[in-house]
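Colleague: I am new to this structure. Could we go through its strands and helices step by step?

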Amino acid sequence: MCQYCNGNHESSEHDYIYNPEKGRREFILDSLATAGGLAAAMSLPSTQAFANMTPPDDEVVRIGYLPITDASALLVAHAMGFFEDEGLKAEKPTLIRGWSPLIEGFAAHKFNLVHFLKPIPIWMRYNNNFPVKITSWAHTNGSGLVVGRHTGVDAFEELGGMQIAVPYWYSMHNIVLQMALKNAGLEPVIQDQTKPLKPNQVNLQIMPPPDMPPALAAKKIDAYIVAEPFNAAGEVLAGAKMLRFTGDIWKNHPCCVVCMHDNDVDKRPEWSQKVMNAVVRGALYAQENKEEVAKMLSREGKRYLPMKAKVVLKAMTDYAPTHYEDPKAIKHPDWDVSRIDFNPYPYPSATKFIVDQLKETLVTGDKSFMDNLDTDFIVKDLVNYDYVKNAMDKYDVWGKVRGVDLDNPTHREEVFKL
C-alpha cells in the first residue's frame, strides 16, 4: 500500500495515463495523486471556532505542509537537523492533502509552523479575525503558465476564446494571470465552460493542480497556471508547453509564505527566533543546493514529496533561456531569477502589491472584506519582520539569495513587466 496515495501500485513506474475511450483519468503518478486535495476546497473553513483553543504547553516544532516545492525551506530545515541545532525538538512534518485541512490543523494548534498561499493569511486575519502572522516567505517565483500543444499558442494575445485553469481564486496565480490577460487586451470571465466565449474573452475555472496535466492532455482545458512541480509534471507527462514563467513577469515574486501563531510570535520570542533561524538556514541550503535538495525531497530520497526525482529536479532547476526560446517563456534573462528561489525576507512592497491587485481581481464569492483594507496597515500588522531579519543577519544570508539590494536589503521596488 502506497503511504502517500492510498492505492496499490503494481508497477514500479508510476506514469500518468489518460484513457479517452473510457472517458476517465487514470492518475497513477503518485506524486500527483498525493496532492489531490491541493485546491479541492474552494471555500476556506471557518477558523473562528479555533481561535481561542489552548496550544500545547511544550515547545515542539510541529510542521504541516502540502507536497509541493513551496515547502522546501521547512522540509530541508527538518531533514538537515537545523531545528535540533537550535536546541528544539521537531516532529516529522505532517503531509496534508489540501489547503482547507492544513488551515484547520493550524487553527486547532495541531501545527505551529506551516506554509500558506500568500492571500490565505490575509483572509484568515481580516475576514475571520484569526491571529496568524507571516514570519517569512517560503520561496520566490516557482510558478508558470503552460499551454496545450493543441492550441498553437505562443503569446498571451493568442489566448482569446480559451479555457484556463487556476488553482485557487485567492492566489498569486489568479492575480498575475488576470493582469497579463488584461495587458494583452483580453477580458477574464468566469462562466460555464459550455457557454460560448467572445474572441477577446478567456474563461477561468478552478481546478485542483493534480487534475491539470491530464485535463490539458485530454484538451478539456487549453492552459493552466500553477505552482511547481505541476508545471514540470505537465511538461514531462502531458506534453505541456511553458508559455511564461511567472518569475519572468513579476520579478522574484512571493507565492507561499511561512506562518506562525500570534501567541508564539508575541509571547515566545526566544522560541520563535530559533524556529526562524532554522527556517532561514533551510531556505539558504535549498537556494545553494537545488539538485541535492530536489533528490532529498523526492520519492527516491527522504520521501517528503512523493514525486520522482526527475520531476522535482526539473521544477527546481530547468530555467535555461535557450531551452524556452519558442515561445519566449523567459523574456527577461537579465533579471537573474531562477525557476524557483528561496529569499525568505517578506518585503512589504510585495504584500502591498498583492493586496492592492487582489481588490481588482475577478473571483467568485464574496470578497467584500477586502474593500476597506488599508494596505499600509496590513504590511505592518500581518507580518513580523524581526525574526527573519535577525536570522538572515546571523547567517549572512543577504548576499547569497536573489533579489536583494545589499545597500538597503530590507527594501525593494516591485517589478512587473510583460
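Modeller: Two strands count as paired if DSSP finds at least two bridges between them. Keep in mind that this is a predicted model.

Colleague: How many bridges join strand β9 to strand β12, and in which direction do they run, parallel or antiparallel?
Modeller: In this pair, Ala 165 stands opposite Tyr 224 in β12. Strand β9 covers residues 163-166 and strand β12 residues 223-227. The bridges joining them number two, and the strands run parallel.

Colleague: Which strands are at the edges of the open sheet?
Modeller: The sheet has six strands with mixed pairing, in the order β10-β11-β9-β12-β8-β13. An edge strand here pairs on one side only. The edge strands are β10 (187-189) and β13.

Colleague: Is strand β13 mostly covered or exposed, and how many of its residues are buried?
Modeller: β13 is joined to strand β8 by four bridges, and the two run antiparallel. Leu 145 stands opposite Arg 244 in β13. Buried means under 20% relative accessible area. By that cut-off β13 (residues 241-245) is mostly covered, with the buried residues numbering five of five.

Colleague: At what angle does α8 run to β12?
Modeller: α8 lies across β8, β12 and β13. Its angle to β12 is about 135°.

Definitions and conventions
Residues numbered from 1 in each chain as written. Predicted model: local features only at pLDDT ≥ 70, side-chain atom pairs only at ≥ 80, totals over all residues. Heavy atoms only, no water. Buried < 20%, exposed > 50% of the residue type's maximum accessible area, 1.4 Å probe, protein only. Contact = heavy atoms within 4.5 Å. Axes fitted to C-alpha atoms, helices over the stretch in contact; angles between N-to-C directions.
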